[in-house]
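Thanks for coming, everyone. Please look at the sequence and the model on the screen while I talk.

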Amino acid sequence: MGGPIPEPFSSWRARAASYCDGREGEGGKVQRIRLSKQETTLRVSLKGENIGMDLKEWCLMGLSRVLNQNRSTTFSSTGEERYWQFKFNVRDVIRETISEDEMNSSLILFFTVLFPAFLRSAARCEGYSQIACNAEKELIDELLRYNITSSPNEFFLKVFERCFVAPLSLEGPSLDLGIGSGDASAFIFKDKQLSVGSDPSIELVLKARNFNFYERYAAIDMTCIPFPDKSFRSVLALNSFYHTQDKKTALREMARVLAPGGVLVFNDVSQMRDFRTYPDLLNRFGFKTLKQDSDEFRFSLNGKSDSFTDAAWIQDELRDLGFERVDSVPFYSEPLAQIGEFFLDFQGIFTINAPAFFEFPNSERFLKAWKKFLHEVVAPMLVQDESFCRETGKSGYLMFHAVKSGEPLPTNPKPDFVCPQCKTLLTKTNSLSSCEKCILDYPIIQEIPLLIPFYAEAYSRA
Ligand SMILES: C[S@@+](CC[C@H](N)C(=O)[O-])C[C@H]1O[C@@H](n2cnc3c(N)ncnc32)[C@H](O)[C@@H]1O
Ligand SMILES: [Zn+2]
C-alpha cells in the first residue's frame with residue numbers, strides 16, 4: 001500500500017523510512033526533540049487549564065447552522081472578547097473607506113501578489129532557484145487541484161503530511177480523528193483505504209462526506225471514542241490532537257481502541273508559539289494586551305488556541321499505554337513556520353474563526369502568481385526543512401508514529417458503535433442511537449451519528 005513518493009523527496013523519504021523500520025534515514029538522523037525535564041513539567045502542568053478548543057461551544061454552533069437555528073456565542077474570557085472586538089474593529093475601520101468586496105480583493109492581492117513578491121524576490125537573491133525541488137513542485141501542483149481554500153499555509157503542511165503517511169501501510173479497520181472538512185485528508189491519505197472518518201463537528205463531517213473518501217462517518221471526540229477496545233488496526237489524527245483540551249485522555253482513548261500490533265499516527269504542535277511574527281509585531285508596536293490575546297485567541301470562536309506539549313511527555317505517555325515503538329519526527333522549521341503563520345495570522349484578523357476564508361481567485365493571473373510563489377519559495381523551503389530543523393533544534397510540529405505491543409488479533413472489519421461514556425453497545429433507530437445504561441439518546445443527523453455526550457444533552461433539551 002501507499003502511493004509512490006515522487007523523486008527526489010529524499011529527505012522526507014528518509015525521515016519517514018526511519019519511522020517505518022526503526023533505522024536512521026539515509027538523509028540524516030531522525031531528530032528527536034527533547035526538552036529539559038523542567039520544561040516538560042512546566043508544559044504538562046498547563047494541562048489542568050482550559051487550553052485547546054472549547055469543543056462543545058464550537059460543535060453546538062456548527063449544529064445550529066446545520067439545523068438553521070440561531071445560537072448566540074459566549075466568550076470564555078475577557079481576553080477572547082477583546083480579541084474578537086479587535087477583529088470587528090479592523091473590519092469596521094476598513095469599511096469606512098472601501099466596500100466588503102474591495103476588501104476581499106485587496107486580501108487576494110496581498111496574499112497572492114504583494115507578500116509573495118517580497119518573498120520571491122528574497123528567494124532569488126538567496127539562490128533558491130539552485131535548489132532541486134521538482135518533486136515538491138509536483139506535489140504542490142497536485143494539492144492545488146484539491147482546491148483547498150481554507151488557508152495558504154495548508155500548502156506547507158499538507159505536503160509534508162502526505163509524504164509522511166505515503167510509505168506507511170495503514171491496515172483496516174482504520175479510524176481517522178478530526179478530519180475537518182475532509183479535503184485535506186483526501187490529499188494526505190491519497191491511495192489509502194480508510195474506514196471511519198470522524199470529526200466532532202457535524203457541520204464539518206457533512207462537508208467531508210461530499211468527498212466520499214471514507215467508508216463511514218461519525219461525529220466523534222477523540223477524548224471519548226465510541227468504539228469498543230481493540231477495534232482498529234490504524235488510528236490517525238492529523239492536525240487535530242493539538243486542539244483537544246485533554247491530551248492525556250485523548251492518548252489513552254486512541255490506545256484503547258487500537259488492536260495489538262496496530263499503528264497510531266498523529267501530529268502535535270511543538271515550538272510553534274515561538275514562530276509567530278505577528279504577535280511580536282503587535283508587541284513591538286506597544287500593544288501588549290493584544291499580543292497576549294492574539295497568542296491565546298487568535299482564531300478561536302470560543303476557548304483558547306492550540307495547546308502545546310513536548311515530545312518527551314508524549315513518548316513517555318505512549319510507552320505507559322503499551323506502545324512498543326514510539327518515534328517522533330520534527331517538521332515545519334522556523335522559516336517555513338514564520339511564513340505560514342504570518343499568512344494565517346494576517347488572514348485571521350479578517351475572519352473570526354479558524355477555518356478562515358481565503359477564496360483562491362478564479363482569475364488565471366492570480367493563480368499563476370500564487371503558484372510561482374509556491375514553486376519559487378515554498379518548494380525549496382520544503383527541501384531545506386529538515387536541515388533547518390536540525391540547525392535550530394526546533395520545529396513547529398512533531399509527527400508521531402507508534403506501534404502497539406502484542407500479537408495482532410483478528411478484528412471485526414466493521415466495529416460497532418458504543419456509548420462514548422460507558423462503552424456499552426448502542427441500540428439504533430433512524431434518528432437516534434441510544435444508551436440504555438446512561439439513558440441517553442445520541443441524535444443521528446442526515447445519517448451521521450453524533451456520538452458525543454454534549455450532543456445527547458443538547459438533544460434531550462431540544
Ligand atoms: C485543522 S482541522 C484538521 C483537519 C484535517 N485532519 C487536516 O489535517 O487538515 C482540526 C480539526 O480537529 C477537530 N477537533 C477538535 N477537537 C477535537 C477532538 N477533541 N477530537 C477530534 N477532533 C477534534 C476540529 O473539529 C477540526 O475539524
Ligand atoms: Zn452509556
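First, the ground rules. This is a predicted model, where local features need pLDDT of at least 70, side-chain atom pairs count only at pLDDT 80 or more, and totals for chains, interfaces and linings use all residues. Residues are numbered from 1 along each chain as its sequence is written, while chains are lettered from A and ligands numbered from 1 in the order in which they are written.

Now the overview. The protein has 16 helices and 11 strands. Helices (H or I, at least four residues) and strands (E, at least two) are DSSP runs, numbered from the N terminus. Of the 462 residues, 46% are buried. Buried means that 20 or more other C-beta atoms lie within 10 Å of a residue's own; with 12 or fewer a residue is exposed, in between it is partly exposed, and C-beta atoms are placed from the backbone. Next, contacts: two residues are in contact if their C-beta atoms, placed from the backbone, lie within 7 Å. Take the contacts with a separation of 6 or more: 73% of them join residues 24 or more positions apart.

How many residues of α7 are buried? The count is 12 of 12. Among them are Phe-155, Lys-158, Glu-161 and Arg-162. Helix α7 covers residues 154-165 and reaches 16 Å from its first C-alpha to its last, close to the 16 Å expected. That expected span is 1.5 Å times one less than the number of residues.

On to helix pairs. Axes here are lines fitted to C-alpha atoms, for helices over the stretch in contact, and angles run from 0 to 180 degrees between N-to-C directions.

Start with α11 (residues 277-284) and α12 (residues 288-297). Their axes come within 7 Å and cross at roughly 165 degrees. The two are therefore roughly antiparallel. The cut-offs: under 35 degrees is roughly parallel, over 145 roughly antiparallel, 65 to 115 roughly perpendicular, and the rest oblique. In α11, Tyr-278, Pro-279, Leu-282 and Asn-283 take part, meeting residues of α12 that include Leu-290 and Asp-295. By class, this contact has four nonpolar, two polar and three charged residues. Nonpolar covers Ala, Val, Leu, Ile, Met, Phe, Trp, Tyr, Cys and Pro; charged covers Asp, Glu, Lys and Arg; the others, Gly among them, are polar.

Now α15, residues 364-392. The axes of α5 (residues 100-125) and α15 come within 9 Å and cross at roughly 40 degrees. The α5 side includes Ile-108 and Leu-119, and the α15 side includes Trp-370 and Phe-373. This contact has 11 nonpolar, one polar and three charged residues.

Helix α6 (residues 134-145) also comes within 9 Å of α15, axis to axis, at roughly 130 degrees. That pair is therefore oblique.

Last, two loop residues. Gly-396 sits in the loop between α15 and β7. Why is Gly-396 buried? Because 28 other C-beta atoms lie within 10 Å. Pro-330 is 66 residues away in sequence, yet 7.5 Å away C-alpha to C-alpha.

Cys-419 lies in the loop between β7 and β8. Cys-419 is buried, with 22 other C-beta atoms within 10 Å. Phe-227 is 192 residues apart from Cys-419 along the chain, and their C-alpha atoms are separated by 7.7 Å. Beyond four places in sequence, the contacts of Cys-419 include Pro-226, Cys-435 and Cys-438.
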